[in-house]
Amino acid sequence: MTQTASGRTPASGHESADATQFASLDPRTGEVVGRHPVHGPDEVAATVEAAREAGRWWAGLGFAGRGERLDAWRKLIVERLDELATVISAETGKPADDARLELVLVVDHLHWATRNAERVLRRRRVSPGMLMYNFAATLEYQPLGVVGVIGPWNYPAFTPMGSIAYALAAGNAVVFKPSEYTPGVGAWLAATFAEVVPEHPVFGVVTGFGETGAALCRSGVDKVAFTGSTATGKRVMATCAETLTPVLVECGGKDPLIVDADADLHAAAEAAVWGGMSNAGQTCVGVERVYVVDAVADRFVDLVVKRAKALRPGGEPGADLGPITMPSQVDVIRGHIQDALDRGARAVLGGVDSVRSPYVGPVVLTDVPEDCAAIRDETFGPTITINRVPDVDEALRLANGTRYGLAATVFSRSRGADLARRLRAGMVSVNSVIAFAAVPGLPFGGVGDSGFGRIHGEDGLREFARPQAVTRRRFRAVLEPMTFARGSRTVRRLLRLVRLRYGR
Ligand code: NDP
């Protein structure tokens, strides 16, 4: 069995007898749902080269020409939404409605990126300032060329489309390397794009394991947009450093939820359960840790347990929680639960027995020591920890106490916005959970081990563009200091002016 560059073994039957292909499996049944090529460095280079040529044509279409085509793609995705949702469910095992919901967000973001690209990126005038009054200054955000996108499997359409849609709208060609667990989703996206843009391969896809991703990093693309785990993010950065390829890194999180004494406890409990357990907890911005103020802790825990208890894991259409998509994660989840219990935590719902691969039932742990893996590391399963704190200041201190800083949630009637500002997180939902991801105008990304750079919103468009500054001299100035022909008094006069203007 070979080891992938991600350190992950393409076990779980991904390897096929033919080393140039691999199988994509339904994690609910182990059934093969597709076979895809393992692209090596040469194929990746050829795809990038073709995309580079196509990208020149795409950039030349301008905002209006690209907008027409991106609108057509959006309509096609809406028309065939169930078809793509079926591929997502087959490759991740997630319930059909969760797959559909993911696509609702994809469509909304694609629409926003298309509508706003010109406003955000077009050439604009910039004030030249007092000293340069005889100049016109302009700023324009030009396409980078080819953007390499490397995506994870947990939201195999929504997450990479946060880069793909914005990069395309900004005028770039894209080469996408989907996760080895969800190659069919990547292939579907690229094939449907080619239906509406048949002229040139503007959006290419390369499939395979970590080595294919590494080859994309080395291929000479103009930027890599990576979403995945922190460990792989570091490898991707190191590989990109070899060619000084810029990189956007969206990694994992250990997102906290804070419940204040005046919170709507029913809404907070609902948010903790949905935020922590939807998609079987496999959400980068999912709730993993809860800090609840002592005064309301007992009632809150009761409400959480009551709700979570009703959730049914399984592969049938009506199940609430699908399987754990990546088989090796099951051991991580079990290990986090066991370690917490061994060190004095209480399981108020479920426990180690809830882990029945490939499914994990809902688990709620309380009084979990802060140095446990269940508090410090990404669990990525339908488990939450709930720790009580004397006040919100302590909640904030603990919430901010991990290496991660992706997203956070606050429930407070009177001071939600204030608490949000004190959280070290790229995104915060107040009195709701994960709401920021559904607002296309807001940037998405984290700090610390959660990565850097932003997808979505205006910042997300600018991530895939290079600012070009232009100055144009309109007329001769009275003082011309930047020439050898300047008179001996020119700089002295200029200084007098500067003292008058800035020295007081
Ligand atoms: P991984 O880090 O394992 O993989 C991410 C992608 O990188 C995959 O396509 C993978 O390919 C590829 N890859 C692996 N090794 C290399 C390499 N050496 N060079 C280049 N590419 C490589 O993450 P997962 O797929 O397991 O996704 C889950 C993680 O993603 C979680 O930590 C989650 O929090 C995070 N995530 C973050 C989000 C965010 O926006 N911040 C959103 C969604 C998820 P292959 O699969 O073939 O190995």
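Which residues does A408 touch, not counting residues up to four places away in sequence? A408 touches P256, L423, A425, M427, V428, S429 and F436, where contact means heavy atoms within 4.5 Å. The model is predicted, so local features need pLDDT of at least 70 and side-chain atom pairs count only at pLDDT 80 or more, whereas totals for chains, interfaces and linings use all residues. Residues are numbered from 1 along each chain as its sequence is written, and side-chain values use heavy atoms, with hydrogens and water left out.

**A408 and its strand**
- A408 is found in strand β18, residues 407–411, strands being DSSP runs of E with at least two residues and helices DSSP runs of H or I with at least four, numbered from the N terminus.
- A408 counts as buried because its relative accessibility is 2%; buried means under 20% relative accessible area, exposed over 50%, and partly exposed in between, with a 1.4 Å probe and protein chains only.
- From C-alpha to C-alpha, A408 and V285 are 7.8 Å apart in space, although 123 residues separate them in sequence.

**Nonpolar core**
- The largest nonpolar core has 136 residues, and those with the most contacts inside it are W73, V259 and F300; such a core is a set of buried Ala, Val, Leu, Ile, Met, Phe, Trp, Tyr and Cys residues joined through side-chain atoms within 4.5 Å.
- Helix α4, residues 96–121, contributes the largest share of this core, 10 residues.
- Not counting residues up to four places away in sequence, F300 touches V259, L265, A268, A269, A272, V290, V292 and I386.

**Open sheet**
- An open sheet of mixed pairing is formed by 6 strands in the order β7-β6-β5-β8-β9-β21, where two strands pair if DSSP finds at least two bridges between them.
- β7 (203–205) and β21 (451–452) stand at the edges, each with a single partner strand, so one side of each is left without a neighbour in the sheet.
- Strand β5 (residues 146–150) pairs with strand β6 (residues 173–177) in the parallel sense over 5 bridges; in β6, A173 is the bridge partner of V146, and V174 stands opposite V147.
- Both faces of β5 are covered, with V146, G148 and I150 buried on one side and V147 and V149 buried on the other.

- M130 lies in the loop between β3 (124–126) and β4 (135–143), and M130 counts as partly exposed because its relative accessibility is 30%.
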